[in-house]
Amino acid sequence: MVLRVCRAVLGGADAEDAWSETFLAALKAYPELPDDANVEAWLVTVAHRKAIDVARAAARRAVPVGELPESLSAPGADGRDLDLAAAVAGLPRRQRQAVAYHYLGGLPYQEVADVIGGTAEAARRAAADGIAKLRKTYKETIDDHKS
Amino acid sequence: MITNHETEARELLEVLPAVTEAELLALRDRLADSAAAQGVLDVAYRTLDTPVGSLLLAATEKGLVRVAYQVQGHERALYSLAALVSPRILHAPARLDAVSREIDEYFAGRRRTFDLPLDFSLSHGFRRAVLSHLPDIGYGHTASYAAVAAAAGRPRAFRAVGTACATNPLPVVVPCHRVIRSDGSLSGYAGGPAAKRALLTLEAA
């Protein structure tokens, strides 16, 4: 689950770095986690912070930024599955995050908002817009393949 | 309607490439390496196939802390390690290389004593005292519960010796299988009676 979230917000090798950093941080912090904590939700929020760290480290070689890249380059191979991954990569950052944290990570919209900023309603709208765009892009890609 | 949207969205995202087993294994190895390097790998574990079934082996930085038979439940053993030792547990075979090699040699009949650092954090008091005396029973020999009780300094505590053996966190390596009834019958064993017989037969060969 965490790897799918990381892939959706970061893509490629950066996602694996973020996954590793997430679980390493989780391993360090785990003994202090309250017994009744929702571990999966907690992991998603750790993954969010680590994704930003990884993106920042990657960007340091180019231009310093304090956030995830606005949009990601598409994964290389074609094939239907990767086309959707490419479509996710092409979403604007907030939509990508809202889709990843809510649909892949299972966070309720309020918690998505706590993580990416803004209101729960804005997070819900970002996720809905993202899904709508994915459906459209993805459908076009399938149609392209058919023709 | 909202739930409908949610379901459709989830169905769409189902198409995203799945995480393969190989990818997860590679990530898991990488995590174990960095966790060990940063000193946050409190318990490393692996499983080892042996003639008495798959054994779970777990080690802290101090030494081997747990050996569990399949019949004892590997998951259960891991849960109790998490509760009693530390929740920082990862599948990390490297720390168990020496342990695995010695156990392999033992089952191949090429090793009679184990030369491994042991971590007795899972045993306390008299039980720990009993376990510390078990390696005195040599390879190929057996001792009665009463004899072990006497060796541990409490000759009448043979029932407690039975409990110490039954709850031995390090079977095979700490040889509780060499403790049998005074009448020569095998009595119980953490790995089941067949495993106990197999170990004693191996050592008698």
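These legends accompany several close-up views of a predicted two-chain model.

Residues are numbered from 1 along each chain as its sequence is written, and chains are lettered from A and ligands numbered from 1 in the order in which they are written. Since the model is predicted, local features need pLDDT of at least 70 and side-chain atom pairs count only at pLDDT 80 or more, while totals for chains, interfaces and linings use all residues.

**View 1. Chain A as a helical chain.** Let us start with the overall layout: chain A has seven helices and zero strands, and its elements run α-α-α-α-α-α-α from the N terminus on. Helices (H or I, at least four residues) and strands (E, at least two) are DSSP runs, numbered from the N terminus. Of the 147 residues of chain A, 39% count as buried; a residue is buried if 20 or more other C-beta atoms lie within 10 Å of its own, exposed if 12 or fewer, and partly exposed in between, with C-beta atoms placed from the backbone. Among contacts between residues at least 6 apart in sequence in chain A, 59% join residues at least 24 apart. Two residues are in contact if their C-beta atoms, placed from the backbone, lie within 7 Å.

**View 2. Confidence along chain A.** The mean pLDDT of chain A is 83, and 80% of its residues reach 70 or more; pLDDT is the predictor's confidence in each residue, from 0 to 100. Please look at residues 75-80 of chain A with care: there the pLDDT is below 50, and the stretch has ten contacts in the model beyond near neighbours in sequence. Where pLDDT is low, the predicted coordinates should not be read in detail.

**View 3. Where chain A meets chain B.** Here 23 residues of chain A are in contact with 18 residues of chain B. On the chain A side, helix H1 (2-9), helix H2 (12-29), helix H4 (80-89), helix H5 (93-104) and helix H7 (120-146) each supply at least two residues. H2(A) gives the most, with seven residues. By class, this side of chain A has 16 nonpolar, one polar and six charged residues. Ala, Val, Leu, Ile, Met, Phe, Trp, Tyr, Cys and Pro count as nonpolar, Asp, Glu, Lys and Arg as charged, and the others, Gly among them, as polar.

View 4. The buried residues include Val2(A), Leu3(A), Cys6(A) and Arg7(A). Following H1(A) is Gly11(A), with a positive phi near 80 degrees. The axes of H1(A) and H5(A) come within 9 Å and cross at roughly 170 degrees, which makes H1(A) roughly antiparallel to H5(A). Axes are lines fitted to C-alpha atoms, for helices over the stretch in contact, and angles run from 0 to 180 degrees between N-to-C directions. Angles under 35 degrees count as roughly parallel, over 145 as roughly antiparallel, 65 to 115 as roughly perpendicular and the rest as oblique. Arg4(A), Val5(A), Ala8(A) and Val9(A) of H1(A) make the contact, together with residues of H5(A) including Tyr101(A) and Leu104(A). By class, this contact of H1(A) with H5(A) has seven nonpolar, one polar and two charged residues.

**View 5. H2(A) packed on H3(A).** H2(A) and helix H3 (residues 39-60) of chain A pack at an angle of about 130 degrees, their axes 8 Å apart. That makes H2(A) oblique to H3(A). Among the residues in the contact are Asp14(A), Ala18(A) and Glu21(A) of H2(A), along with Leu43(A), Lys50(A) and Val54(A) of H3(A). The contact of H2(A) with H3(A) has ten nonpolar, one polar and five charged residues.

**View 6. Leu131(B) and its surroundings.** Leu131(B) is found in helix H5 (residues 125-133) of chain B. With 25 C-beta neighbours inside 10 Å, Leu131(B) counts as buried. Leaving aside residues up to four places away in sequence, Leu131(B) touches Phe120(B), Ser123(B), Ala164(B), Asn168(B) and Val174(B).

**View 7. Two loop residues of chain B with positive phi.** Val172(B), a residue other than glycine, has a positive phi near 75 degrees. Val172(B) sits in the loop between helix H7 (158-166) and strand E6 (179-180) of chain B, and is buried, with 22 other C-beta atoms within 10 Å. Ser187(B), also not a glycine, has a positive phi of about 60 degrees. Ser187(B) lies in the loop between E6 and helix H8 (193-204) of chain B and counts as partly exposed, with 14 C-beta neighbours inside 10 Å.
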